[in-house]
Structure formats: structure tokens, C-alpha cells
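Have the sequence and the 3D view open as you read.

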Amino acid sequence: MIKVDSSKCVGCKSCEQVCPSAAIKVIDKKAVVNDNCVHCVTCVKYCKLGAISEDAVAENTFLCRNCGVKCRIPEGKQGACKRFKNDGGKLVLVRPLQIPTNTKLDPEKIATARPIVSAVGAGAAYPDYKPAPYIVTEKRDDFDVVTVVTEAPVSYSSMMVKIDTNAHIGDEGALVRREGRVVGIVTTEQYGSHILILGGVNKVKGPDGMYVVKTMAELGNKQKVTLTIDNGSKLELQVGEHPVIDGAVDDKMRVGCGGACCGLFARSLAPLIDEAIILDHHITGLFTQHPAGAEQKPYSGITPVGRLATAGRYFFEHGDGWGGTNIKDPIEAIKSIDMNIAKPGMKVLVAETTWRKIALFEITKDGKAVSIPIPAELEEFRKMAAGCCEDSRVSAMYYAGVGGSARAGVTVDPIQITKAVHSGIATLSIAGAPTYVMPGGGITFLADVEKMIDHPFNYTASPAVLAPIEYTMTVDNYKKIKGHVHAMRTKEDVLAEGRYEYTELKD
């Protein structure tokens, strides 16, 4: 199935290290393939010396069609994904289906899910040995509930900003600036989106700290902020709105990567074309080699310019061309045409994954692709596919670590509130928004800005972000964590102050 040219192999072990099936080992400085091999060809892709290549398919193997890898699984062995096994010539799932049993909702969790009052407008109690400014009780169903609130200065503040766009805005690790000052970095791209991380204590305490906390607070308050990325784009960002990239509003995100588009539209697209290259700077799809497209059409003989990943899936370079790739003219997407397979008159579609731009080519007798007009039925398909694209938006998660001296405003034993949050007996919310508390020590969380009460943040000259923090639990549990029980007040008592506004929390 896989053969090794010993004259080229230098025993570097790259193949051994990347093989998902432990099917290749380096013995006496030469790679040796064993009977675990499922022909996933990972070793072929990672052998830089060309010492490993594909051989004839072994007998008594089962072809798995559950993904584009198309493993050839020997009897009794598992595929590269460890999900499927060849059991007597039948493909069976390796693991039983898992059915959760603990699905009943805990009434106490429901009673303490949301704060009695929010921390927006609560102020702070400094020095921190004092009880928090508001410790408020309320009867909810059969539970006496308490919420402890404060607007704390948080130096360990970050903001994760998600920008829906297929444009390449900058390389991973590139610095993000405001008015020339460093406020964050570009991190990994996600499905149709780019992620920035702004802030963090090292930037907050640095020479540009005030720019950093101002940027986070303004984005968190849904104000418009202009940022630039080193060797990348100029961004105008406002949470809940379309991103503006290099002066252009980007109002639609892709419906899926190029490979996904082949699967999503296989049956609709097949009658209209003989081949399609769906350009995407992550995964470009080649229709007739993609598993979904291959069921509809025979291979066209066309090879795209990208690097082959798995059948019908290619990696293209980033750029400011079609689909966020470096393809400026769609004809450039075609690397070669094998006229031993291709036929004159074949129609080849090149498209972006947003389906805003498409081009159609016809193969000539001499093996060239020439541009032809888009027929009405293909334009109708384009409109349908484009209609599947979601609106592009800017969203943000407040991503921070809380605790510090502000815990003294909750309890006389600071470790108790940390334990209470992690055990689930205390619910942490930020401006009324639920949080995801990360595992491990301390209280590090993420909270959706758009679920917070409007205009939740301020910033201070320390510098720090002023964040509205709420802890909600039963009174019994508050007593157990040594809370400031003597400072508790009823909700009615707080309302009697007359300094309040009613607001609805967002679902």
C-alpha cells in the first residue's frame, strides 16, 4: 500500500511522528511499514525527500468513504480517525453511542442563574477589606438567593474580537495597533472568521496601557473603534455591526470552505457544470474529486494550483484575491488540464465561497480554458448559494481573570469564592451576562459583550478596565463561604434608595 525507497530514506522519523495509525517505524535508520497501514498517505505528504510513495492497494481491505481521506482498512484494523473498524469486511463503529443520563435541571441552579441586581452602576468599595457595595437578597421559589456586586478595576483584562470575513486581514501573530500604539495581536482564524486578542496584563501595564483599556472598554460598549494590523488591513470595528475592512463594508461571510461548498451544493451544481474550483484561502474545493462531487460527476482531468490535502481539498495561499487567496484572475486557479481525461466543451466554474463572484470557462480542443458568459440557470444557482451566506458581524467576548483583592468584598476567606465559582454553587456573571469559567486555578472567564447590559464598561487611569462583576448563590451557601452576611440587604431595601433603572437581560 505504501512503499519506502530505502536509498532515499535518511531515518528522519517525520513519517513515524505524523502517522495516526502507528503504521510506520524507523528501524536501523530506515522507515518500515507494518500491517497497521490504512493508506491515509500522511507519511507521503510529510516525507520531504520523496522516499515514501503510494503503491498498489492491498487486498482484503475495506474502503471507508466517511471522509475525504478514504482509508483502506485491513481486516480487524481501525481507520486513521479511530472511529471505524473493518470487522469481517463490514465497516463498524468502534465506540458505542453515548447517551447522557444527568439531564435533569437542578432547581437551585435555575434560582441562582441570574443576578438579583447587576453590578452596572454599583460602584466599588475600596479599600477592598470592606464588603462589596451591594449584597442583595431575594426569595426565588423555595430558595433565599443573594447577589454580591462590584465594579472592579481589572488589570488582567482581555477582549477576544471575532471578525466575520473571508478577507485576509493579517498574519497570525501580527500586532494590532490603535493610533500607532500596540493594543493586541492577531490569533488563529476560525470558520469564516478572524480572531483578535486585545489587551492582557502585559499590554495593560505597558507604555500603551491607556490605549489598551480604552480600546477594550469602547468595543465592550459597542462603540466604533479603528485599528490597524501590521502588514495587514485597516479595520473599523463595532460590535454587532458589519466589519469595515480597508474602507469596504464586508456584509457577508462565506457559507462554508471550498470543500464544504462542494458537499453543500453537490446535487444542485452537478447539472450545471463539468468541474468547479471553489476558492477559499483555507480549503479550496475541486468538485469532481470531492467525495460529494465524485458521486455526481467523473473526474475532469483538471488540477488546481494549490497544495493537495485530501481528495478534492486543496490548500491555497492567503492574499487579497478571490476567496481571500492570492488568485487575482480566476483563470489562474487552474494549474493544468489533462486532455487524456478532459474533453473539449467541458464547462469549468471558478467561484468564491461567498458566491459573490463566479467565472465560467470552456475547455478548447487544444486544452485551454477560455472565458464564456454565465448562463441564466447558473446565475440563478449563484443567487441561491449566495443567499445561504450569513451576515458578517463583529462580536466580542470579554476575556479576563478576576479575583485579586476584590474577593475580600465578597468573603473574609478569599479562596472560598474561587472554590464556589468552580464548584458551581456560585454563578459568576458580568453585567448580567453568563460566563464560561475556564478550568484550572483562579477565576478566568469569557462573557459575550452582546448579552451584557448596555454600556457596561469604563476604564481607569491605573490603567484597568472597570468591569461589572456579579456573584449569585443561595444565602445558605453564602454563609458557608464566610460571606459578609451582616452587610446583606433585601432587594426592597435597595429599591427604596430610588437610584435604579429596570433593564432586561439578554438571552
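Predicted model: local features only at pLDDT ≥ 70, side-chain atom pairs only at ≥ 80, totals over all residues.

Asp246 is not a glycine, yet its phi is positive, at about 50°. As background, most residues other than glycine have a negative phi, and most peptide bonds are trans.

## Val41, another positive phi

Val41 is also worth a look: its phi is near 60°, a positive value in a residue other than glycine. You will find Val41 in the loop between strand E3 (30-33) and helix H2 (42-46).

Is Val41 buried or exposed? Val41 counts as buried because its relative accessibility is 16%, and the cut-off for buried is under 20%.

## A cis peptide bond

Now move along to Ser462 and Pro463, which are joined by a cis peptide bond with an omega of about -5°. Pro463 belongs to the loop between strand E32 (458-460) and strand E33 (464-474).

## The nonpolar cores

In soluble globular proteins, nonpolar side chains tend to be buried together. The largest nonpolar core here has 57 residues, and the members that touch the most others are Met159, Val161, Leu196, Leu198, Tyr398 and Tyr471.

Which residues does Met159 touch, leaving out those up to four places away in sequence? Its contacts are Leu196, Ile197, Leu198, Met216, Leu219, Gly220, Ala396, Met397, Tyr398, Tyr399, Val449 and Phe457.

Methods: Residues numbered from 1 in each chain as written. Heavy atoms only, no water. Helix = DSSP H or I, 4+ residues; strand = E, 2+ residues; numbered from the N terminus. Buried < 20%, exposed > 50% of the residue type's maximum accessible area, 1.4 Å probe, protein only. Core = buried A, V, L, I, M, F, W, Y, C linked by side-chain atoms within 4.5 Å. Contact = heavy atoms within 4.5 Å.
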